[in-house]
Amino acid sequence: MVIGEVVGLILLGTGVFFSAVGIIGIIRLPDVYTRIHASGKVSTLGIISLLAGTALMMPEATLKLIVLALFLLTTAPVASHAIAAAAYRQGVPRAGAVRDDLAARAERPATTE
Amino acid sequence: MEFVPVIVVPFVLALAIVPASQRLRPEHQGWGLAAVLAILFGWLLALLPTIGEQGAVSAAISWMPQIGLNLSLYADGLSVLFALVITGIGAAVMLYAGYYFEDARQVGRFFALLLAFTGSMLAVVMAGNLLTLFIAWELTSIVSFLLISFKGSDADARAGALQALIITGGGGLALLVGLLLAGTAAGTMELSDLLAKSDVLRSHPWYGAIAVLILAGSFSKSAQFPLHFWLPGAMAAPTPASAFLHSATMVKAGVYLLARLSPILGDTPLWNTVLPVVGLLTMLIGAAVALRQRDLKGILAYTTISQLGALVALIGLPEAAGIKAAMVGILAHALYKGALFLIVGAVDHATGTRNIDELGGLWRKMPALAGVTVVAGLSMAGVPPLFGFVAKETLLEAVIAEPLALAVVVLSATLTVAVAFRLIWDIFGGKSRARLPQEEHREHDSHHPYGDDAYDYSHIHTLPGPMTAAPGLLAGLSLIAGIGIGALVTPVVSLAIGKTVSLYLLPPDGINQAFVLSIAALAAGAAIFATRRVWLSWNLPGLPGGEQIYQYLVSRVEQIGDVLLRSQGGKIRYYLAAILLTVVALLSTAITRTTIIYPAEMMAGVASAADILEIVLLVLALVATLASILLERHLLAAMALGVAGYSIGGIFLLEPAPDVALVQFLIETLATVLIIIILARTSEEERRRAITRLWGQTNTGLKRDVLISVTLGVAVGFFALAAVNSRPTPNTIAAWHLENALPQVGVKDVVAGIITDFRGTDTLIEITVFGMAALGVLTMLARPNPGKTWSLFRRPETSESPIKDALQEDAERPEPVVYRSHFADPVTQLAAGLVLPFAMLIGLAHLLYAGAAPGDGFTAGVIGGLGVALWFVVYGYEETKRRLRWLHPGPLIGIGLTLAFANAILPLIFGREFLAFTPIDGFSLADIKLASTVLFEVGICLTVFGGVSAILEAISHPMEVEPL
Amino acid sequence: MPNVLLIGPIFIPLAFAALGVTLSRYRTLQHGFGLIGGVLAWLSSIGVLLENLQGNILTYRLGGWPPPFGIVLVGDLLASVFAVMATTVVAAGILYALGCKDKCVRYPAFMPLFLAMGAGLNGALYTGDIFTLFVFIELMVITSVILVAISDNRLGLEAAIKYLFISAMGTLFLLIGIAALYATFGTLNMADIGRLLANDQRPLLAQAAAVLLMCAFLLKSAVFPFHFWQPDFHTTAPTPIGSMLSSVVVKVGIYGLIRMMTLMFTAEAPLIQELLIILGIIGIFFGSLGALRTYDAKRLLAYSTFGQIGFILVGIGWGTAAALSGALVYAVNHAFVKSSLLMITGVVSSRTMTKTARLSEIGGAGKALAVTSGLYFLGGLALAGVPPLNGFVSKVALARGGISAGHWLALGLVVGAGVITVLYMFRTWQWIFQQPPAGELKLKPVGDSPLAPALLIGLCVLLGLYAAPLLDIAARTVSQLSNPQLYIRAVLGG
Amino acid sequence: MSDAANMLVQAGLTVMVILLLPCAYRVLSGPTPADRLQATDTITTLLIGIIVLLALLQDSSFVIDISLALAAFGLVATLAVARYLAEGRVF
Amino acid sequence: MLFYMLLAVPMALIWVGITDRIMLDGALVGYGLSLGVLVLLRPQRRKVNWRRLPDQLVALAIYIVELFWDIVLSGVDVARRVLSPDMRLKPGIIAVPTQDPLESPIIAALSADVITLTPGELVVELEDNRVLYVHCLDVDATTATIDAEQARRIQLFGRIIGRSS
Amino acid sequence: MNILFALATGIMFAMGVFQLLRRDLIKAGMGFYILFTAINLLFLAVGAYNGSVPAYVDASSRPAGQPSDPLVQALILTAIVISFGSYALLLGLIAVSSRRFKTVDSDELDQLKG
Ligand code: NA
Ligand code: NA
């Protein structure tokens, strides 16, 4: 086993680990906002680390994987943000929230589903 | 050949008369046509010597030999006898008809129909081929239909016409089968050949069927009981037509056919039983019913039925004993009944009524017509020396040996005498009771016979001379033929039946039985006539006749129709359920007949990690699909479905089928976006209504649905199992594709090679389907917004827009004019700004490297479309359209398709096959293979890109999107 | 024999459709394309037929790939007969559309959709590849659904939704059948499948595949119990489209049935034939009685189609050479008759204020239209099988088939049902063209042009008077079909 | 790639695929639409990882193209649903 | 146009990445295609300041490195919470001013992205590019640091977009 | 695996049919979609070989192993595109139905009967 492969496997394992952690978060955390923290971030870390590992084991795909990673970095927070915003506008309750600065603002028009 | 003009001339004139009648006065037309028919009559007479020598003349043209149909004509004595009747009566009717109508505009049509009828009828009697005969036969039915409903605004006329057509047409169908069977059995359709095959036919197993079918056809046409009832109904026809068709000629077509086929099919127990029984029954019933009729034409119709019965019975007598009497009867009946019809028409014309109760004493006003009536009526009654007397004599002679038949004939003759006397006396004799028309200029063919009291008693419409002369001519002929029976009639009848007969006015060897019976019938008839006041007042119950059966059948058939139509209940669920159940039934039948072998190998469990993955993904797909069913809310169901779709994509990936997986992911995404858009489009209230009904269905309904789906699922599952297990090895086709992709079309991605080249046609059509579907969505939903419509060359938008009108009614839900979204914050906008160019680059990569990697023009198009969708979501519709001014979905589809077709057609120009792989050699940049395929990929991409954005836009913004 | 003519009926209209979408702003140009495309397709299909009559089965390898690896178009007599029928009617339909006053005809997508529908139809007939058959059928289905959905008749939408759902079932059956065939034989080429099926051993799924394909084709031809969509779909369509659907599009299933029974599933054919006779007779009576009792003049004709398809099925079910050729003649003649009748009804209803064909509103509407009345009457004669129109020829040909099959009960039922046809056709004629209108019936001064139906009726008359060529072609078609080796050899060589 | 590495990658892949199940549970159980949306989005992300691992196993770098497309368009679906949730319309 | 030509360079690099061809011809093709895409999409043009460009790139590189680091921290943080029995949650939404006097949407967006990618924080709403409403797992921890971090980030973003500070 | 595939196809098919029979047009549309997905699975199952590598031919870097059947993949692709086109059209029709008839309940689309 070459060194690249070992490091790659480690990174790969890290990625799988963080993915799993994120999924556990999705199950365990109490409300949608906190779950978004888990999924949006950990999946990102998990996948990026997984990509890095793969890049080491499959050098010819490195460029592609970098592009993919950049792209995930660009889109992941957007998705998280959009879901959170949607949830908030739908009036999804915040479990155990201690503070809400946004609630002070005028009600947004709440809508369907 | 020399008799062919006799048939052709009427048809030619029928075509010519309609334009000609615009210029000619009706009476001139009548005279002219009468003259023509008289000439044809003479022509036929002139044929007689030839026929006498040769027995028959014939002519034939091969027409449709494949179905045994030749245009073959055949004229022997029998034909000529009928043809003489047709042309002779026809001449008188034409003459008469020229004066019958006052509305000159109708005359041309009427004459055309009469002429067409004449031609068809002549063709019937001169047909030399069973099918030729049938064609002419059907033509007469059709013309009769048109003539009966000549006055289309009269409901009775329409009903009568239809009834006549149904009965004779139905009989015609039986006849057709009978003729076809006969032709098949004998191996020929030619009459002349059939004559020689009579033994073959009579002993053929099909004989019974043939005879019954042909008899049914003949009986229907010749108004035999119980199919007789259409004939009285047909009296709504203009009187000249009734005289011609429904008494003298068309109704005799059946008789003709029986006479014609009698040498071929006749003289069997069946024939000799059915014909006399039906004929005599008809004869008696007709005469009896005629007595109590009030309508003059009704009276004549029933006496005609009676007479037709007599003719049929005569033809059915064993050993052709009655054929002579039949021929004489045909001639005599044609003369006196034709005359009587014309007389009735004249009376109707003059008085405006045909009700015998309203008539009387007309002899003072119309002495000539009265005289004619006396002659014709007495001939009908069978008074010597008129032709009718001779006919009755021969009839009695023919049945003299059969006591029962003789009794029926005598009884019928008695009744007929009474009817004849009624016709003479109750119209012309006695007190004047005629109610006369008040208005001079009423339409004469539209009588309102009963119940209208607005009559003037002082004036009688004067009759034009020929309206008396025409029946006079026929009546006169009755007299002349009676007196000169030996010289005039004998030769024709002899010729017709092919052997010399003797006819006489008075029995040569003194008074015989027939003569006595004839005179007795006269006397008895006179007695019945004298006591008419008594029996006319009797209230006799009506017999249930054919008409009731007909009405009952029609209403029953209609009821069945209504029941059947109830199955078309309008609810799609039930339609689908019925279809699926049928398929389940058929498929299970097929599968149970198949023995499915389950090799042990396939039962073996999990083999590798990939298998575990596949199981997980399958489970995921199934669970998510199940969730999409169980989740009531549409949004949730859509999301569950999305998960299922992605899982399926994963399965594709494991197969491994990366190209399919890619498309699956893209399409799944697009489908999810689309369904969300639909949710936004449809009102929530509507959807909630539909949702609550989902599980609000009855338990039975749900059980039924579950049953259907489970059985179908099981069937398909078994099917799939069997399919999977019968994979052929080795598969030469797939191997060929794998082998040839790189060398032949230069692609590494074999799937791409198949899509663009090996099976390029599928792809070409598939994107056409996609493009068309998108255009459809666009057309259904879009409404034009002037000034926004795409234009290749500058052209102002016209103000009148068809689509605008069409959609006006749909536009009941107004769109919000200004919509400010809070969604488009900088975060999403930044992402959108980055993703779309990225998406386009990915799309371009797919496009240019389609042959080397997953993805192709199609995925490029979907990716582009999804990128645009992202902009729509983030920036909103208006803003996106403002930024992407080149985004005209409709034209993009058009250009895309055009490019795709250009790729397909270009190779043709270079002398290669349509859609052939045409590489452009000597060009290579960055491993991009330049071939005509690139054009194809671009075309696909544009079509799909345009299609995706068209669908998205049109569903989401139907009011604003440009139509095309 | 390779021949480039084969691509004409399919790809010429499609290419014009593509151009038409691109130049959608120029309606006249687009409609001109339509007519040219229709006529060129017609001419090329005739060319193919003429070539067939020389005794050749034409093939064309799309992309130049040899069968069974690539897709091949095959123009044998069966395909050609149906294709000539289809292109003739479609050309007439386009002509009608040009003179049609419906709003939907002026939609930019109308003509391209129409052309694509025609192309799909021709493609389904000429293709020698069973998967491509599916693709072409889908093209036809999708375009026709759209054309019905955009109809001026607002209920067209309802009909389109229903048909799309039901048609999807047909597509599913077809696809499952194709999957089974591919699983069993590893090929999609019909000749190849035929060759492999001709081996004595019956493969595992032959019967099931046959059943599924049969169901798919029955559904396309709206045979009981797959018929529910048909009356709705055919009558709410715009006149030029409805008259295609009910005459030629509905025949694709018939074509498919004949093809699968003669080329591929020859061993299963007897079983299928029995079923076809039963379904056909049910269809005859259901359709005829439905026509008798329905409420709309166009719907009546649609039900009539349901019945007429039944006649054709019975002919196929009888299975003898005479019966099969009778069925072919029947199918062709019915196409011309039905399309012209629907067009004529359209002409009348285009004069009414609401563009309706409802009998309650259309009574007497045709009283002033002498030519139209005459055309309808002739059409009625043809449909009822009255000589000397072409319907008579079909009837006789079919009845002779029945006699040759010795199927007396079916023969009796088939012929007897003709009475119902007479009843509903002529009653309707009287209703529309003879009786005085009830109350005040306002009519538009101009309506659709009766030119196209007049031409078609002319064709009906011609085919009645001069039917020998058609009968001859039908007989030759059947004799060609009776030897599937001819087809297989023409496609695969050897 | 050595056999051992191959096995390890397969194991990782298996874990990744099994991780789909809890996500699916979240999609099914909700409780709010936003929860489901977020879980769906996570499934997309996991799939991206799975595809990359598959590419590694199948030694076909072109398979990664699929994950590129998926990455781009998971976002579209997520945003469309999110906007629908937030505003009752997609665009 | 100059701006587009410059912008096309990273796009061409991405093209090279996605087509997996590290060759000049591929890059050239990518560059051309990227230009085409830009012409079609017409993003808002900016003035190109050649002198500032190196600094911009350096700032971008710093940003990316920091981002990665933040992601790692974020991952570890959330992982710790998720795997601990009580998850130590104290969630809430707090308002965070962007501290950008020009209220640039790009800066607001970048800030929101980075905040969302950093430990325990998630931007729920943006108000007029001025205030970010941040959901955090631990209100106290975030309140303590976020304003200072934001001030630092604004500096960096200003450099990235080439704003003269 | 084959049996699982067949099983899955059958179950998918059953679920699609059940969903298709709903009164709610949108749900029925989903059934339509599920059914076509099931068909794609079926096609995949009947592919000529149980491939272990994608059907790519590249002499230089192709890994060893049986390639999957490319023809079924092409067929599935065509089927997907066509069924998606139909699906989109169906959704469009539903949108128009909602606008024109104010309903997405198929039982209320019953003006055409008899
Ligand atoms: Na590809
Ligand atoms: Na964060």
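Helix H3 (residues 62-90) of chain A lies across E1 and E2 of chain E and runs at about 65° to E2(E), where contact means heavy atoms within 4.5 Å, helices (H or I, at least four residues) and strands (E, at least two) are DSSP runs numbered from the N terminus, and angles run from 0 to 180 degrees between N-to-C directions of lines fitted to C-alpha atoms, for helices over the stretch in contact. The model is predicted, with local features needing pLDDT of at least 70 and side-chain atom pairs pLDDT 80 or more, whereas totals for chains, interfaces and linings use all residues. Residues are numbered from 1 along each chain as its sequence is written, chains are lettered from A and ligands numbered from 1 in the order written, and side-chain values use heavy atoms, without hydrogens and water.

The open sheet has 3 strands in the order E1-E3-E2 (chain E), paired antiparallel, pairing requiring at least two DSSP bridges between two strands. Strands E1 (92-97) and E2 (121-127) of chain E stand at the edges with a single partner strand each, so one side of each lacks a neighbour in the sheet. Between E1(E) and the antiparallel strand E3 (residues 131-136) of chain E there are 6 bridges, and Ile93(E) stands opposite His135(E) in E3(E).

Chain A also meets chain D, with 45 residues of chain A in contact with 50 residues of chain D. Across this interface 3 salt bridges are found (a side-chain nitrogen of Lys or Arg within 4 Å of a carboxyl oxygen of Asp or Glu), and Lys64(A) forms a salt bridge with Asp65(D), the closest N and O atoms being 2.7 Å apart.
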